[in-house]
Amino acid sequence: MADYHFVYKDVEGATTQWDDIQRRLGNLPPKPEPLKPPPFAPKVDADEQPKSKEWIDAREPEELEELEDDLDDDRFLEQYRKMRLAELREAAKAARFGNILPITGSDFVREVSQAPSDIWVVVFLYKDGIPECGLLQNCLEELAPRYPATKFVKIISTDCIPNYPDRNVPTILVYNNSAVKGTYVGLQKFGGKRCTPESVALALCQLDPVLNDGMAAIHPGTMS
């Protein structure tokens with residue numbers, strides 16, 4: 001006759017009186033905690049989240065376009081969506097630069113002289129191998145992304161002005177509306193060899209709002 005072994009399993013967490021006594025005497029380990037499944041939390045669909053100004057602020061332009069039919073019942077949020085979308089479009093339009101564009105002599109008229117009248121152009125004249133040129137270029141490379149609505153270009157000095165003396169580089173020419181608005185020869189006005197992006201920005205903006213981060217077009221009452 002086969003030998004059958006029957007293992008009885010009690011309700012989970014239940015113990016016998018004997019087990020309880022043994023545990024009090026320290027002969028058995030503490031009773032394990034009964035397994036509790038995590039509470040059920042239904043998955044939240046992002047599209048079903050209540051819409052608010054903060055929710056709209058976190059959306060990308062493409063998402064705001066798709067929301068056009070979803071906010072018809074809430075006139076305020078629909079107006080806010082349109083305003084926010086207009087702001088993002090203006091910001092994208094204003095932030096059209098953001099780096100230093102290398103140009104040649106043949107590019108100068110198109111890129112500098114014929115730039116739109118609302119664009120300030122910072123022209124960096126340089127020569128390779130001159131330490132002061134490298135120092136000023138580093139400063140301009142930091143400023144260009146900070147002020148993406150200002151156009152920064154760089155050109156080898158003698159490509160821009162034939163026979164331009166090396167002793168005069170680096171030089172910065174500031175253009176606006178097809179005219180030179182400022183000329184900075186050497187590093188003296190920027191703090192010499194201790195110049196920083198901040199000291200360069202301060203010097204460039206002493207007379208005119210040369211540096212533009214593009215935010216004034218979005219919020220006309222604010223300063224850059």
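Glu-111 sits in helix H5, which spans residues 108–113. The model is predicted. Is Glu-111 buried or exposed? Its relative accessible area is 16%. Buried means under 20%, so Glu-111 counts as buried.

What surrounds this residue? The side chain of Glu-111 makes a polar contact with the side chain of Arg-110, at 3.5 Å. Leaving aside residues up to four places away in sequence, Glu-111 touches Leu-101, Ile-103, Val-121 and Lys-151.

Now turn to helix H8, residues 197–204. Which residues of H8 are buried? They are Pro-197, Val-200, Ala-201, Ala-203 and Leu-204. Around the helix axis they cover an arc of only 165°, so they lie on the same side of H8.

Take the helix partner next. H6 runs through residues 131–146. The axes of H6 and H8 are 9 Å apart, and the packing angle is about 75°. Angles of 65 to 115 degrees count as roughly perpendicular, and therefore H6 and H8 are roughly perpendicular to each other.

Which residues meet at this contact? H6 contributes Leu-136, Cys-139, Leu-140, Glu-142, Leu-143 and Arg-146. H8 contributes Pro-197, Glu-198, Val-200 and Ala-201. By class, the contact holds 7 nonpolar residues, 3 charged residues and no polar ones. Glu-198 is one of the H8 residues that meet H6. Pro-197, Val-200 and Ala-201 also meet H6, and these three are among the buried residues of H8.

Terms used. Residues are numbered from 1 along each chain as its sequence is written. This is a predicted model: local features need pLDDT of at least 70, side-chain atom pairs count only at pLDDT 80 or more; totals for chains, interfaces and linings use all residues. Side-chain values use heavy atoms; hydrogens and water are left out. Axes are lines fitted to C-alpha atoms, for helices over the stretch in contact, and angles run from 0 to 180 degrees between N-to-C directions. Helices (H or I, at least four residues) and strands (E, at least two) are DSSP runs, numbered from the N terminus. Angles under 35 degrees count as roughly parallel, over 145 as roughly antiparallel, 65 to 115 as roughly perpendicular and the rest as oblique. Contact means heavy atoms within 4.5 Å. Ala, Val, Leu, Ile, Met, Phe, Trp, Tyr, Cys and Pro count as nonpolar, Asp, Glu, Lys and Arg as charged, and the others, Gly among them, as polar. Buried means under 20% relative accessible area, exposed over 50%, partly exposed in between (1.4 Å probe, protein chains only). A polar contact is a pair of N or O atoms within 3.5 Å; within protein, one must be able to donate a hydrogen and the other to accept it, and residues adjacent in sequence count only if both atoms are side-chain atoms. The arc is that of the directions from the helix axis to the C-beta atoms.
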